[in-house]
Amino acid sequence: MSKEKNLDTAFFGQPRGLSTLFFTEMWERFSYYGMRAILLFYMYYAVTKGGLGMDQATAASIMAIYGSLVYLSSVVGGWLSDRVWGSRRTVFIGGVLIMFGHIALSLPAGVTALYISIALIVAGTGLLKPNVSEMVGGLYAPDDERRDSGFSMFVFGINLGAAVAPWAVPWAANGFGLHLFGNEMNFHAGFSLAAIGMFFGLLQYTLDGRKYLSKDSLYPNDPIEKDDLRPIIIWTCVGIAVLIVILGLLAAIGQLNITNIINIITFIAIALPIYYFIMMLNSKKVTKPEKSRVLAYIPLFIAAAIFWAIEESGSVVLALFAEQRTVLHIGSWHFAAANFQTLNPLFIMILTPVFVALWDHWKGQPSAPGKFSAGLVFAGLSYILMALPGMMFGTAGRVSPFWLVGSWFIVEIGEMLISPIGLSVTTKLAPKAFKSQMMSMWFLADSAGQAVNAQIVKYYSSATEVPYFIVVGLVSIVFGIILMFFVKKIHGLMDGVD
């Protein structure tokens, strides 16, 4: 099998199966980022402009908790793949759910369709996202030197789909440049394009997958035994029962509303990683050196959560700034507020080769905690920059789009210092008995950050713009500086891991 994989160079020197996964994930990211580019506007635009007419603060909070739920569900998706379905079937089921989620949004069925869509896309993305990456690794033998370059190509596909979508989907919502819908936004046309994108991804995945993906992906890595199934079913039923009781009590006292549901999800997103840390630190399966490494991971986890709270705000706070406070043209070239969402993947594609070369040639480079510290400072500076136009020109008018371009560029420098480094250090610090759970922790950092975001974005408006950016930016910078003073201590706790 190993020899066969090494001989397969059909896709630019990589295994042919990489093409299948490259385009599957590219289309999935196209659909997700396309939907995300216009969803906030759909929620709070007035009904007369094609939207749902929600309160802006509520819409922003829903947008943030949506992102949190996606990463929470990734934990379940990884477990179902490993124990029940196998990665290939899990990814397919996830893709189908995502497609139906976008179809739900493409129908003019109001708030009901919105919540159905969120449930479907959250579940689908949780099934698909962690398992596609795992399948990429399965294309290579352990000693195959093409593995790193293969993952680099795969990541490029992710960002390609994410970069194109914020132009294509708003273009469809605006009538394909033909003014088909008058002055209104036909958001449903945009969401339809996202659904079509996911359909193409599934088509590619199904037709090519049969020929070019490993047969191993059809089976779970660690099939669940009958003896293990009973306690899982019991605890799942207990969890569902507790949730039903909580929702029932809220309904009984007239408090079953979207705000309180967001509060419950926020609590879960913060409590779950705390539970994981306590479980690992108290487990008899974890050795003393491994416990030291878990302790070292705690400040890195907090740093990652703070970073993602800022980075993921691109589709919430910065989207509002783009729509309400930004001049949407450069000379005679006019563009939509949603188009700014392309800056995240675009800068990642530009900066990745720069940082790969930097880490390859910088002999005395900082340790992982040092890079995290610098990443937090850059994230905070991206927000401080966004406070300047309001301080200089007031918050009533519109300002140059280059403020947003600059902010995104700075935060993506921070991402280069935190995201790939975090993935690497998570695998290195993981206790042997909890390797999968530790990888879940990386997703939970993003989930926790966005859950906190769901609470604080309610306070953002043009009137509070300057203090909002300054306070959140300073929190990130201050924590980054504090982390800087503990770099040696944390590195010591890592116990030989570099």
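This is a predicted model: local features need pLDDT of at least 70, side-chain atom pairs count only at pLDDT 80 or more; totals for chains, interfaces and linings use all residues.
Residues are numbered from 1 along each chain as its sequence is written. Local features need pLDDT of at least 70 and side-chain atom pairs count only at pLDDT 80 or more, whereas totals for chains, interfaces and linings use all residues, and side-chain values use heavy atoms, with hydrogens and water left out.

The largest nonpolar core has 114 residues, and those with the most contacts inside it are Leu 39, Tyr 297, Phe 372, Met 441 and Phe 469; such a core is a set of buried (under 20% relative accessible area, 1.4 Å probe, protein chains only) Ala, Val, Leu, Ile, Met, Phe, Trp, Tyr and Cys residues joined through side-chain atoms within 4.5 Å. Helix 2 (residues 16-44) gives the most to this core, with twelve residues, helices being DSSP runs (H or I, at least four residues) numbered from the N terminus. Because domain 1 (13-224) and domain 2 (287-497) both give residues to this core, it lies between them, the domain bounds coming from an automatic or database domain assignment.

Helix 6 (residues 147-173) and helix 7 (residues 187-212) pack with their axes 6 Å apart and at an angle of about 140 degrees, where axes are lines fitted to C-alpha atoms over the stretch in contact and angles run from 0 to 180 degrees between N-to-C directions.

Tyr 459 lies in the loop between helix 15 (435-456) and helix 16 (465-485) and is exposed, with a relative accessible area of 60%, the cut-off for exposed being over 50%. The C-alpha atoms of Tyr 459 and Ser 61, 398 residues apart along the chain, are separated by 9.8 Å.

Key. Helices (H or I, at least four residues) and strands (E, at least two) are DSSP runs, numbered from the N terminus.
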